[in-house]
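Work through the exercises below with the sequence and the model open. Try each task before reading its solution.

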Amino acid sequence: MKRRKKIYLYITMALLAVYIGLLTVLYLSEYAKGGATIRSFGDAFWYSLVTITTVGYGDLIPVTPLGHAVGAVFLLLSAGITITLFGAVISFVTSEGLPLFLLGFKRKKNWYYFADYGAEAHILAGNIYKEDPDTVIIFGEKKDEQMEYPDFPCLFINVSPTRIVARKKNIGARCKIFLMKENDIGKNIRAVDLHKLPVEVYARTTNGQDHLSGNVRFFHSYDCCARQYWRTKPLCGRENTIVIIGFGNYGRSILERAILTNVISIGQHVAYHIFGDGKEFLAMHPFLHKTFSMGQESRESDSLIFHDGLWEERHGLMEQADRIIICTDDEPEGWSIFWRLNRYYRLHGKIHLHSNRKAPGVDYFGTNEEIYTPSQIMRTELNQAAILINEIFCKSVSYPTKSWEQLDDFHRESKISAADHLMMKIRILLKDETLTEFKRELAKKAYEVYCETKRSERMLDMYRRIDHMRWLRFYTFYNWSYGAMRDDTARRHPMLCAYQELNWEQKRERDAAWELLGSISQ
């Protein structure tokens with residue numbers, strides 16, 4: 001790059017020297033000639049300008065043969081310069097020059113940059129625009145002639161994020177950058193050095209973690225689908241038998257989110273029957289038996305039962321199930337299962353089908369429009385709620401605690417999981433299982449119920465038991481076990497025991513997740 005700049009500099013200097021030489025020759029050949037109008041170097045310069053720009057006032061003209069020759073050179077230059085300028089204007093308008101220029105007038109707005117343009121990026125950008133119409137959406141690739149133009153204002157600029165960020169000049173909110181292809185941050189050239197830029201990065205991954213690394217935040221589309229599923233189709237108190245057909249990326253995420261979120265009462269006994277290969281999952285989570293009955297149904301706790309055989313063979317189970325979740329990774333296969341269940345089985349519960357294709361009469365979930373939303377991908381409200389939980393927790397205990405910035409990724413995720421259970425707590429307090437949308441007025445109403453009912457020792461004890469169940473599930477899911485002394489390296493914790501074995505302060509720690517309702521309703 002430096003060598004190229006030097007070459008451009010040398011060429012410019014050479015052209016400037018030639019131009020000055022022509023002016024000198026014109027001046028020397030004209031100034032002493034009788035009847036000449038070009039009598040100074042300034043006259044020669046003015047003549048060159050009006051000639052090259054094709055203005056041609058006619059006030060100055062050469063009279064000597066050498067002067068005519070120099071004038072001819074300037075005339076030829078005028079044609080070349082005109083063509084060059086015209087080409088530069090066309091190039092500026094048709095390339096990235098004009099969009100980059102226009103961006104300079106919009107620096108105070110929120111900028112959202114997508115490294116590539118695809119179906120997921122299109123939907124997320126559209127949802128962002130619906131929530132924030134006064135925003136700037138940028139796709140980092142050149143618009144294809146065959147590409148259908150989005151139905152929202154946007155710019156296609158085939159430049160790197162670095163150039164976009166430089167154009168914003170740190171004015172207004174930080175630019176948000178999205179890498180929408182799976183694991184793109186490890187292979188997309190535009191992801192290089194993003195961690196050094198003053199931006200917020202959201203990168204799609206398949207590792208199932210909500211790991212935060214500096215300014216880079218990862219999101220998992222399968223987990224987003226599972227979160228959306230259990231939020232809009234929550235577990236109900238009357239449901240005891242749930243069948244999951246398909247244990248690929250979607251099925252695993254659906255089950256994981258059920259394990260971490262589906263705690264609605266201290267006496268629940270929900271049996272999850274999973275059809276798919278669960279060997280890897282069970283090997284990875286060897287401590288789940290401490291909070292679940294493994295392999296057989298229980299009347300005292302929830303159960304996880306993996307079936308090696310065909311779901312088609314279990315007519316009785318299918319017909320008594322309170323809900324059947326079809327979540328195969330292959331969508332056509334899911335539709336095939338859906339039609340066969342409806343055609344050959346006498347079903348008691350509902351069928352929920354994972355499908356990006358909408359159809360009347362089908363209870364589907366997980367469309368791109370539902371998954372790729374700002375609240376799902378950026379999780380701003382969820383993370384803020386998690387930070388509040390940590391602040392409430394720090395104030396409620398007597399021993400030393402850590403601020404949000406000091407927490408490691410696991411303990412941040414622990415607080416996020418507690419915030420994720422918030423909607424379930426609202427349903428419990430308001431005794432309304434139909435609630436699916438979080439609203440501040442609902443949180444306020446639920447908190448008022450909590451404050452009123454917690455005066456009863458029995459009710460307060462029940463609330464703490466529910467959150468302790470949720471907390472136990474989270475820690476055992478991530479392979480923590482009981483230890484007399486807390487040891488984060490060995491993943492041991494003294495509270496990984498039955499609720500009745502906790503001391504008063506340990507029980508009181510469970511209040512933070514409920515008190516959050518009061519903080520976010522203000």
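**Exercise 1: Aromatic rings**

F247, F281, F306, F410, W471, F474, Y475, F477, Y478 and W480 make up one aromatic cluster. The model is predicted, so local features need pLDDT of at least 70 and side-chain atom pairs count only at pLDDT 80 or more, while totals for chains, interfaces and linings use all residues. Residues are numbered from 1 along each chain as its sequence is written, and side-chain values use heavy atoms, with hydrogens and water left out.

Solution. 
1. Rings of Phe, Tyr and Trp (its six-membered ring) pair if their centres lie within 6.5 Å; planes under 30 degrees apart are stacked, over 60 edge-to-face, and the rest tilted.
2. F410 belongs to helix 15 (residues 409-420) and Y475 to helix 18 (residues 457-477), so the pair ties together parts 65 residues apart in sequence. Helices are DSSP runs of H or I, at least four residues, and strands are runs of E, at least two, numbered from the N terminus.
3. F410 and Y475 are both buried, that is, under 20% relative accessible area with a 1.4 Å probe, protein chains only (exposed is over 50%, partly exposed in between).
4. The charged end of R491 sits over the ring of F410, 5.9 Å from its centre; the criterion is NZ of Lys or CZ of Arg within 6 Å of the ring centre and within 35 degrees of the ring normal.

**Exercise 2: The surroundings of E239**

Task: is E239 buried or exposed, and which side chain joins it in a polar contact of 2.8 Å?

Solution. 
1. E239 is located in the loop between helix 7 (221-232) and strand 8 (241-245).
2. Its relative accessibility is 4%, so E239 counts as buried.
3. The side chain of R323 is joined to that of E239 by a polar contact of 2.8 Å. Such a contact is a pair of N or O atoms within 3.5 Å; within protein, one must be able to donate a hydrogen and the other to accept it, and residues adjacent in sequence count only if both atoms are side-chain atoms.
4. A polar atom of the E239 side chain also lies 2.9 Å from the backbone nitrogen of C236.
5. Apart from neighbours within four places in sequence, E239 is in contact (heavy atoms within 4.5 Å) with P234, V270, D322 and R323.
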